Amino acid sequence: MQKIIFYFFLFCAITIHAQKNIYENPRFDEMSDDHKVLAILPFLTNLDLKDNASEEDIKTLEEKEGYAVQDAFETYFSKRKKKKKFPVDFQNIKDTKAILAQNKIDYSNIDVFTTKQLSEILGVDAIISGTLDLNVLLSKGVSTDFSITDYFSGDANYGRIGMKISDGDTGKLLWKYEKEINKKTGKNTDDLIDRMMKLAIRKFPYERERKKDRKD
């Protein structure tokens, strides 16, 4: 029994370690020194649902999930700024959506524009974007009931999220964070982003103390 428990916790430790993957550009401080405003884009979503939904319905649901992540990130950063001042601001997503719409850019064609183009159009210094692969509708809420067998059956895995920050002037990748989504990462989109960022916040490059530590 003790061996089973040991291997179970070992498996969990390996899984948790594998779920987190953070990259930071070694020139982040230099490239982001004049950053003042960042825009948050809707995340490009790929849904693999068990339901026999039509292609049109899937596209509509993917768009909904992508915008839900955009909303959740704005909510998270708004709460974070109240507790602790960031050295950057985040463009109101209503303004982001309006400016994109004025330039005939929406969820269906945003991926054909480069980071530099989008940054210029939005008038921001950097872009927060990402991808979302899901086999559930996270925005509607999911079960967080956990059992050991879920990990072996695959029922605990809901997908994967990848977040990145790109420099507006150069279009280069500044920071990237990838994480698996499962029953332990949250019951809905807001919960997922909140827990995800709490795990990554010590390595979030715009944290004032961490930036200071790197310079020291």
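**Confidence and burial**

Tutor: This is a predicted model. The chain has a mean pLDDT of 79, and 75% of its residues reach 70 or more.

Student: Which helix has the lowest mean pLDDT among the elements of the chain, and which the highest?

Tutor: The lowest mean, 42, belongs to helix α6 (residues 148-153), and the highest, 98, to helix α4 (residues 93-102). Over residues 142-155 the pLDDT stays under 50, and the model has 23 contacts there beyond four places in sequence. Where pLDDT is low, the predicted coordinates should not be read in detail.

Student: Why is Ser129 called buried?

Tutor: Buried means under 20% relative accessible area. Ser129 has 12%, so Ser129 is buried. This residue is found in strand β5 (residues 126-134). Leaving aside neighbours within four places in sequence, Ser129 is in contact with Leu41, Phe43, Gly162, Met163 and Lys164.

Student: Which residues of helix α5 are buried?

Tutor: In α5 (residues 115-122), the buried residues include Thr115, Leu118, Ser119 and Leu122.

Student: What puts them on the same side of α5?

Tutor: The arc is taken from the directions from the helix axis to the C-beta atoms. These residues cover an arc of only 100 degrees around the axis, so they lie on the same side of α5.

Student: What covers the buried residues of α5?

Tutor: The cover includes β2 (37-40), α4, β5 and β6 (157-167).

Methods
Residues numbered from 1 in each chain as written. Predicted model: local features only at pLDDT ≥ 70, side-chain atom pairs only at ≥ 80, totals over all residues. Heavy atoms only, no water. pLDDT = per-residue confidence, 0-100. Helix = DSSP H or I, 4+ residues; strand = E, 2+ residues; numbered from the N terminus. Contact = heavy atoms within 4.5 Å. Buried < 20%, exposed > 50% of the residue type's maximum accessible area, 1.4 Å probe, protein only.
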